[in-house]
Amino acid sequence: MALTVADVMTRDPIAVKPDTSLQDALQLLADKQIGGLPVTDETGKVVGVLSEDDLMVRESGVTTPPFVMFLDLVVYLQNPAQHNRELHKALGQTVGEVMSDRPVTISADVELPVAAHLLHEKRLNRLIVTTDNRLAGVITRGDIVRAMATGQA
């Protein structure tokens with residue numbers, strides 16, 4: 001019988017709310033030595049994820065997209081919406097302003113190879129595990145590697 005996500009996931013993970021201050025979330029990440037946090041609303045519904053990648057924009061800064069001037073018209077050579085999103089993340093003060101609002105989720109009853117494939121395909125470090133759209137756990141690449149190392153996977 002194949003292992004499922006539920007067999008190796010971290011249950012009852014630490015989560016934050018969208019209105020949590022970014023400094024408090026950063027402190028949690030540092031204190032717990034984790035790379036991301038699920039973001040839930042008051043009912044426990046997953047509304048986003050805060051990852052190290054979301055925070056790198058803040059530290060690395062935002063560059064202006066390339067543009068050309070034609071008469072009095074500015075023509076962007078890249079989508080300016082991406083620049084606006086990055087700028088918003090760089091200046092955000094709460095988790096809700098910085099988080100990714102489209103987290104990749106997975107059900108706890110999915111077999112482990114499917115979760116591994118999803119993590120690899122989407123180049124993610126973690127998947128948010130949900131039951132009825134509510135936070136149930138988190139599964140990371142490390143969880144899968146540990147299962148492999150013990151011969152479970």
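D143 is buried, at a relative accessible area of 9%, where buried means under 20% relative accessible area, exposed over 50%, and partly exposed in between (1.4 Å probe, protein chains only). The structure is a predicted model, in which local features need pLDDT of at least 70, side-chain atom pairs count only at pLDDT 80 or more, and totals for chains, interfaces and linings use all residues. Residues are numbered from 1 along each chain as its sequence is written, and side-chain values use heavy atoms, with hydrogens and water left out.

D143 sits in helix 7 (residues 141–149); helices here (H or I, at least four residues) and strands (E, at least two) are DSSP runs, numbered from the N terminus. Its side chain makes a polar contact with the side chain of R146, at 2.8 Å. A polar contact is a pair of N or O atoms within 3.5 Å; within protein, one must be able to donate a hydrogen and the other to accept it, and residues adjacent in sequence count only if both atoms are side-chain atoms. The pair also forms a salt bridge, with the closest N and O atoms of D143 and R146 2.8 Å apart. As background, side chains of opposite charge can pair when their charged atoms come close. Both D143 and R146 belong to helix 7 and are three residues apart, about one turn of the helix. In general, an α-helix has 3.6 residues a turn, so residues three or four places apart point the same way. Setting aside neighbours within four places in sequence, D143 is in contact (heavy atoms within 4.5 Å) with V8, M9, T10 and V138.

Now for helix 7 as a whole. Its buried residues are D143, I144 and A147. Seen down the axis of helix 7, these residues fall within an arc of 95°, so they line one face of the helix; the arc is that of the directions from the helix axis to the C-beta atoms. The face turned away from the buried side carries the exposed residues V145, M148 and A149. On the buried side, the packing partners of helix 7 are helix 1 (5–8), strand 1 (10–11), helix 6 (112–122) and strand 8 (134–140). Just after helix 7 comes G151, with a positive phi of about 80°.

Helix 6 can be described in the same terms. L112, A115, L118 and L119 are its buried residues. They cover an arc of only 125° around the axis, which puts them on the same side of helix 6. Exposed P113 and H120 are carried on the face turned away from that buried side. The buried residues of helix 6 pack against helix 1, strand 6 (105–107), strand 7 (126–131), strand 8 and helix 7.

Strand 8 shows up in both packing lists, and G137 is found in this strand. At 0% relative accessibility, G137 counts as buried. G137 and M9 are 128 residues apart in sequence, yet their C-alpha atoms are 6.1 Å apart in space. Leaving out neighbours within four places in sequence, G137 is in contact with M9, T10, R11, P13, L127, I128 and V129.

R123, in the loop between helix 6 and strand 7, has a phi of about 55° despite not being a glycine, and R123 is exposed at a relative accessible area of 74%. Q33 also has a positive phi of about 55° without being a glycine; Q33 lies in the loop between helix 2 (22–32) and strand 2 (36–40) and is exposed at 73% relative accessibility.

On the surface, F70, L71, L73 and V75 form a nonpolar patch, with about 440 Å² of accessible area together. Patches are made of residues with over 30% relative accessible area and no salt bridge, with like charges joined within 9 Å and nonpolar side chains (Val, Leu, Ile, Met, Phe, Trp, Tyr) within 5 Å. Accessible areas come from the Shrake-Rupley method with a 1.4 Å probe; for residues, only the protein chains shown count as cover. F70 lies in strand 4 (residues 67–70) and is exposed, with a relative accessible area of 55%.

Overall, the chain has seven helices and eight strands, and buried residues make up 36% of its 153 residues. Among contacts between residues at least 6 apart in sequence, 57% join residues at least 24 apart.

Key: Salt bridge = Lys/Arg side-chain N within 4 Å of Asp/Glu carboxyl O.
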